[in-house]
Amino acid sequence: MLMTYFSWTSWESWGLSSQPVIPDLVPLLIDDDLHLEDSAGPRVTTVINRCAQELPANGCPAPESWEAYVRVARDWTVFLADHGIQLFDNRAELRRGLSAYAVYRACGPLKARFAASTWNQHMSILSLFYRWAEDEGFASAVPFTYKQAVTAYGDRVRIPSVNLAKRRLPKPHVTIKYFEKDFACPLTSVPTLTLPLNGVIMTG
């Protein structure tokens with residue numbers, strides 16, 4: 001699966017009546033055989049490309065972020081295909097693929113492993129992609145399970161959905177596994193107390 005970047009350069013020579021509405025420099029995927037569709041209809045690369053073209057209208061206006069979105073969708077699609085699963089398969093198959101993908105990114109080859117923060121970013125991107133695909137009628141199932149979480153700030157209460165595929169990140173205070181040197185207190189420096197017979201406390 002190849003990735004290229006759309007460019008408006010010399011669009012006047014394409015025989016079009018107007019300038020294309022595809023964002024300039026948006027990443028696009030192309031299958032190795034250069035086909036955009038087959039007997040089953042549009043290829044999944046075509047669907048991903050359409051989603052990429054609509055990113056500026058779906059809360060992602062920064063061109064610097066478009067490539068990340070497309071790469072995440074591409075890597076996920078390739079992984080599923082290698083395991084005989086389609087990008088828009090049924091929920092059971094997608095869940096099976098997600099489970100295998102989580103193991104691969106956590107315990108697979110070193111170059112394939114993700115830190116928890118990277119994994120969560122990828123899950124957020126794929127979650128947005130599948131929601132878009134559902135709204136557009138491409139997907140009938142998603143690989144993710146969500147739960148409702150209640151958050152409160154002052155008198156404002158929100159009930160957002162939480163993607164259970166995301167990993168929990170450690171809080172800064174629990175990453176300290178030992179005392180810093182400045183807080184260490186060697187036993188030899190602890191004062192000792194003695195109580196002589198006259199009742200006067202002596203320290204040494």
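Colleague: Quick one to start: is H122 buried or exposed?

Modeller: H122 is buried, with a relative accessible area of 10%, where buried means under 20%, exposed over 50% and partly exposed in between, using a 1.4 Å probe and protein chains only. Please keep in mind that this is a predicted model, in which local features need pLDDT of at least 70 and side-chain atom pairs count only at pLDDT 80 or more, while totals for chains, interfaces and linings use all residues. Residues are numbered from 1 along each chain as its sequence is written, and side-chain values use heavy atoms, with hydrogens and water left out.

Colleague: Which helix does H122 lie in?

Modeller: H122 lies in α4, the helix of residues 116–135; helices (H or I, at least four residues) and strands (E, at least two) are DSSP runs, numbered from the N terminus.

Colleague: And what is H122 in contact with, leaving aside its neighbours within four places in sequence?

Modeller: With those neighbours set aside, H122 is in contact with V72 and F114, contact meaning heavy atoms within 4.5 Å.

Colleague: Changing topic, how many helices and strands are there in the protein chain?

Modeller: The protein chain has four helices and ten strands, and read along the sequence they follow the pattern β-β-β-β-α-α-α-α-β-β-β-β-β-β. Of the 204 residues in the protein chain, 29% are buried.

Colleague: What about pockets, how much space lies in the largest pocket?

Modeller: About 340 Å³ of space lies in the largest pocket. A pocket is found on a 1 Å grid over the protein atoms alone, as an open set of points where a 1.4 Å probe fits, with protein on both sides within 12 Å along at least five of seven lines, and lining residues have an atom within 4 Å of a point. The volume is the space filled by probe spheres set on the points, which are joined across faces, edges and corners.

Colleague: Which residues are closest to the centre of the largest pocket?

Modeller: Of the 17 residues that line the largest pocket, D38, P42, R43, V44 and Q86 are the closest to its centre, and the largest share of the lining, four residues, comes from α2.

Colleague: Which element gives the most to the lining of the second largest pocket?

Modeller: That is α4, with six residues. The second largest pocket holds about 270 Å³ of space, and among its 17 lining residues C51, L55, Y69, L128 and F129 lie nearest its centre.
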